[in-house]
Amino acid sequence: MTSSADIPEVEVDSDMIRLGQFLKFADLIESGGEGKEVIAEGLVAVNGEIEVRRGRQLQDGDIVDLDDRSVRVRLLG
């Protein structure tokens with residue numbers, strides 16, 4: 001099991017990013033269309049909760065999970 005301290009951070013040079021954008025930015029998906037699909041299918045979780053809103057605004061420190069990959073959002077803006 002991965003501890004919270006072992007989750008890689010993805011730095012975003014902004015003060016806000018939406019879930020669909022972040023999935024592509026973090027290389028968790030290859031295209032925006034793929035992001036729309038995985039979110040709609042309930043395959044993405046934010047802080048342990050399934051998220052089906054592509055436009056959800058992520059906060060600094062949020063943890064995004066897709067399949068067996070987890071990344072922490074680090075907003076720098």
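How many helices and strands are there in the protein? There are two helices and seven strands, where helices are DSSP runs of H or I with at least four residues, strands are E runs of at least two, and both are numbered from the N terminus. The model is predicted: local features need pLDDT of at least 70, side-chain atom pairs count only at pLDDT 80 or more, and totals for chains, interfaces and linings use all residues. Residues are numbered from 1 along each chain as its sequence is written, and side-chain values use heavy atoms, leaving out hydrogens and water.

**Overall fold**
- Along the sequence, the pattern reads β-β-α-α-β-β-β-β-β.
- The C-alpha trace spans about 30 × 30 × 20 Å along its principal axes.
- Buried residues (under 20% relative accessible area, with exposed meaning over 50%; 1.4 Å probe, protein chains only) make up 35% of the 77 residues.
- Take contacts (heavy atoms within 4.5 Å) between residues at least 6 apart in sequence: 48% of them join residues at least 24 apart.

**Helix α2**
- Helix α2 covers residues 32-40, and its G35, V38 and I39 are buried.
- These three lie on the same side of α2, because they cover an arc of only 100 degrees around the axis; the arc is that of the directions from the helix axis to the C-beta atoms.
- K36 and A40, on the other side of α2, are exposed.
- The buried residues of α2 pack against α1 (19-25), β3 (44-46) and β6 (63-66).
- G42 follows α2 and has a positive phi, near 75 degrees.
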